[in-house]
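Subject: Structure handover

Hello,

Please find the sequence and structure below. My notes on what turned up follow after them.

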Amino acid sequence: MKISNIILKILMPLALGGAILYWMYRGEDWQTIVHVATDEMNWTWMLLSFPFGILAQAFRGWRWRQTLEPVGEKPRQSVSVHSIFLSYAVSLLIPRVGEFTRCGVLKRYDNISFPKALGTVVTERAIDSLLVMGITMMVLLLEMSTFGTFFQKTGTSIQGILQKFSLTGYLVVAVCLAAILILLHFLLRKLSIYNKVRATLRGIWQGVISLKDVRNIPLFVFFTLGIWLSYFLHYYLTFFCFDFTADLGLGCALVTFIVGSIAVIVPTPNGAGPWHFAVKTMLILYGVADEQALYFVLIVHTIQTMLVVLLGVYAWLALNFTKIK
């Protein structure tokens with residue numbers, strides 16, 4: 001059972017992400033991709049996007065500290081932020097394990113109750129999910145005319161798109177859906193285990209209901225909006241790195257950002273594979289050439305993932321010099 005769990009939790013996400021990436025980039029000229037990244041890309045805009053990627057995680061750490069206060073826990077700000085940095089980096093190895101990692105960091109360095117911390121994580125995820133759903137509905141309404149114009153000018157119909165979709169494309173979608181179902185299965189199994197432990201269940205519930213007692217609601221709202229605005233700017237500024245995406249506009253950026261945010265639900269390291277496939281498909285819808293869309297998603301995702309790794313390494317070093325309470 002332990003071996004099968006290791007295979008499903010570590011090897012399967014890696015295999016899934018790797019298989020999708022291999023399918024997308026098989027036969028591509030890697031020297032051309034390197035040339036685009038080193039000679040044709042405007043690195044100024046990429047560097048300008050980095051502070052927003054860092055700020056998004058910092059906002060999450062500050063907000064998490066705020067949600068822990070109503071349940072009687074007061075971690076240090078630095079430890080809260082470092083735990084977020086580390087959790088994102090660890091999730092690159094084992095998807096979704098970062099949520100437990102950051103709770104463990106607070107337990108180790110500030111003696112924060114693990115069950116309570118986990119409960120507030122559940123609260124955060126619920127709020128973020130609602131916000132993403134709201135943004136998704138807004139973007140769909142705003143961009144509905146764009147989709148309609150595209151279909152009208154090109155004479156494309158949904159049926160035509162489905163007919164042109166290759167067998168491999170259907171297979172990729174099916175595998176992604178299967179991976180989501182497997183993830184839900186394991187989450188339900190974990191939840192059943194927690195339900196057997198009364199103290200853990202109580203701590204989780206306290207975390208969930210803690211939101212109503214947050215001391216400064218406007219600040220909580222500011223952090224929440226700041227997280228997602230920073231994520232968006234971290235992504236949107238990369239559009240200006242390439243000539244073929246610089247003029248696509250805010251609407252395209254919003255659509256691809258939302259589609260990419262939904263795609264990372266599939267349990268692969270940092271959404272590798274599903275994110276590439278989803279964003280690339282939407283960029284093509286907005287008129288970007290197939291190869292150019294492939295270059296964009298690979299270069300942007302790789303560089304932003306490297307930033308996550310660097311923040312994780314920094315957090316690990318900083319925590320090693322942090323005094324344990």
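To start in one of the loops: Asn111 lies in the loop between helix 5 and helix 6. Asn111 is not a glycine, yet its phi is positive, at about 55°. As background, most residues other than glycine have a negative phi. Please keep in mind throughout that this is a predicted model.

Overall fold

The protein chain has 13 helices and zero strands. Its pattern along the sequence is accordingly α-α-α-α-α-α-α-α-α-α-α-α-α. The chain has 325 residues, of which 47% count as buried. Taking the contacts between residues at least 6 apart in sequence, 76% join residues at least 24 apart.

Helix 3

Helix 3 covers residues 43-68, and its 26 residues should span 38 Å at 1.5 Å a residue; the end C-alpha atoms are 39 Å apart, so the two values agree. At the start of this helix, a side-chain oxygen of Asn42 comes to within 3.0 Å of the backbone nitrogen of Thr44.

Salt bridges

How many salt bridges does a search of the whole structure find? The search gives ten. In general terms, side chains of opposite charge can pair when their charged atoms come close.

Two of the bridges involve Arg63. In one, Arg63 pairs with Glu124, with the closest N and O atoms 3.4 Å apart. This pair links distant parts of the chain, since Glu124 sits in helix 6 (residues 114-154) and Arg63 in helix 3, 61 residues apart. Both Glu124 and Arg63 are buried. In the other, the side chains of Arg63 and Asp128 meet at 3.1 Å, N to O. Here too distant parts of the chain are linked, with Arg63 in helix 3 and Asp128 in helix 6, 65 residues apart. Asp128 is buried, as is Arg63.

A further salt bridge joins the side chains of Arg76 and Asp110, at 2.6 Å from N to O. Arg76 is in the loop between helix 3 and helix 4 (77-90), whereas Asp110 is in helix 5 (residues 98-110); the two are 34 residues apart, and the pair links distant parts of the chain. Are these two residues buried or exposed? Arg76 has a relative accessibility of 23% and therefore counts as partly exposed. Asp110 has a relative accessible area of 6%, so Asp110 is buried. Separately, salt bridges that share partners join Arg60, Arg63, Glu99, Arg102, Glu124, Arg125 and Asp128 into one network.

Helix 4 against helix 5

Helix 4 packs on helix 5 at an angle of about 145°, and their axes are 8 Å apart. The crossing of these two helices is right-handed. On the helix 4 side, the residues that take part are Val79, Ser80, Ser83, Ile84, Leu86, Ser87 and Val90; they meet Gly98, Thr101, Arg102, Val105, Leu106, Tyr109 and Asp110 in helix 5. Asp110, listed here, is also the salt-bridge partner of Arg76, and Arg102 belongs to the network described above.

A buried lysine

Lys280 is in helix 12 (residues 274-285). Its relative accessibility is 15%, which means that Lys280 counts as buried, the limit being under 20%. Leaving aside residues up to four places away in sequence, Lys280 touches Met24, Asp290, Ala293, Leu294 and Val297.

Regards

Technical notes: Residues numbered from 1 in each chain as written. Predicted model: local features only at pLDDT ≥ 70, side-chain atom pairs only at ≥ 80, totals over all residues. Heavy atoms only, no water. Helix = DSSP H or I, 4+ residues; strand = E, 2+ residues; numbered from the N terminus. Expected span 1.5 Å × (residues − 1). Polar contact = N/O pair within 3.5 Å; in protein donor to acceptor, adjacent residues only side chain to side chain. Salt bridge = Lys/Arg side-chain N within 4 Å of Asp/Glu carboxyl O. Buried < 20%, exposed > 50% of the residue type's maximum accessible area, 1.4 Å probe, protein only. Axes fitted to C-alpha atoms, helices over the stretch in contact; angles between N-to-C directions. Left-handed = near helix turned anticlockwise from the far one by under 90°. Contact = heavy atoms within 4.5 Å.
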